[in-house]
Amino acid sequence: MQTTEWLLLLLLSFLWGGSFFFNKIALQDLPPLTLVLGRLSCAAIGLLLYVYSRGEQMPCNFRQWRNFWVMGLLNNLLPFCLIVWGQQHIDSGLAAILNATTPLFTVVLAHFLTRDERLTLNRLLGVLLGFAGVVTLIGAEPLQRQDFRSLGQIAVLGAAFSYACAGIYGRRFKAISAPVAAAGMLTSTACTLLPIALVVEHSWEFRPQIGAWGALLGLGFLCTALAYCIYFHILAVAGTTNLMLVTFLIPISALLLGSLFLHERLANTAFVGMGLILLGLAAIDGRLFAFTRSTSSK
């Protein structure tokens, strides 16, 4: 990758890591569904404006919008709601670390659901290391008692699993412009969540403070709409393998933001668990073995 792409990758990690930080702030004044609805609506508006500014058009056929809806359910609605609900009970840094297990779930699902992405030895080792990290993070607590902290951790893991399912389903969008696919996905998801949030949480009744408004706008326009645009650029220029590096960086940025501005402190086991997860991701990506070979050859 060129210097520009490296800088954009760092920016993307801060945007996506920042989403956990913004969630924590917005949750002080908004309930989960209303928060997610605001994020999706802002992002959908921003991406639709971006698509039409490029001279592109949104598709009009029912089948394509059905695919957008399914993708949005897996990639936005379920994981966003699970993460936001979970963050009511756990710190933003811990949520980001647990969310970094997405590639681990993806590798396992891809083995069973696709024909061209089978489990290899390094991927299997990566999955084992990653899940060892998850066990280190949450321990046996969720099995021993069902308190809200344990359920919050399980909810974020559920979000990671949903993201992995979306990664498999999203393979069918290869022939569509990436900004169009993202705009369609976010628009359909926002329209789906709107009546649910209004009925369940009476979203119109809430009057968030200026801090929550700022967090909501940051989530929608920065952490979602702008992040998608950067994501698509790196994907086109540097490819999927290099783009996966962002997974290594998101927990770090989330931990920094949580520590500096939310005064969060994680136990030492959290850092051990994060280390194991990062080693697992490096093994899946092949960089761990490449580094080992280059070191031994010197």
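Before going on, the ground rules. This is a predicted model, in which local features need pLDDT of at least 70 and side-chain atom pairs count only at pLDDT 80 or more, while totals for chains, interfaces and linings use all residues. Residues are numbered from 1 along each chain as its sequence is written, and side-chain values use heavy atoms, with hydrogens and water left out.

Back to the helix pair. Helix 2 passes helix 9 in a left-handed crossing, meaning that the near helix is turned anticlockwise from the far one by less than a right angle; clockwise would be right-handed. The contact of helix 2 with helix 9 has 22 nonpolar, four polar and one charged residues. Here Ala, Val, Leu, Ile, Met, Phe, Trp, Tyr, Cys and Pro count as nonpolar, Asp, Glu, Lys and Arg as charged, and the others, Gly among them, as polar.

Now the whole chain. Its secondary structure comes to 13 helices and zero strands; helices (H or I, at least four residues) and strands (E, at least two) are DSSP runs, numbered from the N terminus. Of the 298 residues, 51% are buried. Buried means under 20% relative accessible area, exposed over 50%, and partly exposed in between, with a 1.4 Å probe and protein chains only.

How much of helix 4 is buried? Eight of the eight residues in helix 4 (residues 92–99) are, so the helix is largely enclosed by the rest of the structure. Among them are Leu94, Ile97 and Asn99.

Next, the rings. The structure holds nine aromatic pairs. Rings of Phe, Tyr and Trp (its six-membered ring) pair if their centres lie within 6.5 Å; planes under 30 degrees apart count as stacked, over 60 as edge-to-face and the rest as tilted. Phe21 and Phe261 have ring centres 5.7 Å apart and planes at 50°, so this pair is tilted. Phe21 belongs to helix 1 (residues 3–26) and Phe261 to helix 11 (residues 246–261), so the pair ties together parts that are 240 residues apart in sequence. Phe21 is buried at 12% relative accessible area, whereas Phe261 is exposed at 52%.

Trp65 and Phe68 make an edge-to-face pair, 5.1 Å centre to centre with 85° between the planes. Both lie in helix 3 (residues 62–86), three residues apart, about one turn of the helix. Trp65 is partly exposed at 25%, and Phe68 is buried at 0%. Together with Tyr169 and Phe173, these two residues form one aromatic cluster.

Last, two histidines in loops. His202, between helix 9 and helix 10 (210–243), has a positive phi of about 50° although it is not a glycine. His202 is partly exposed, at 33%. His263 is found between helix 11 and helix 12 (268–285) and is exposed at 62%.
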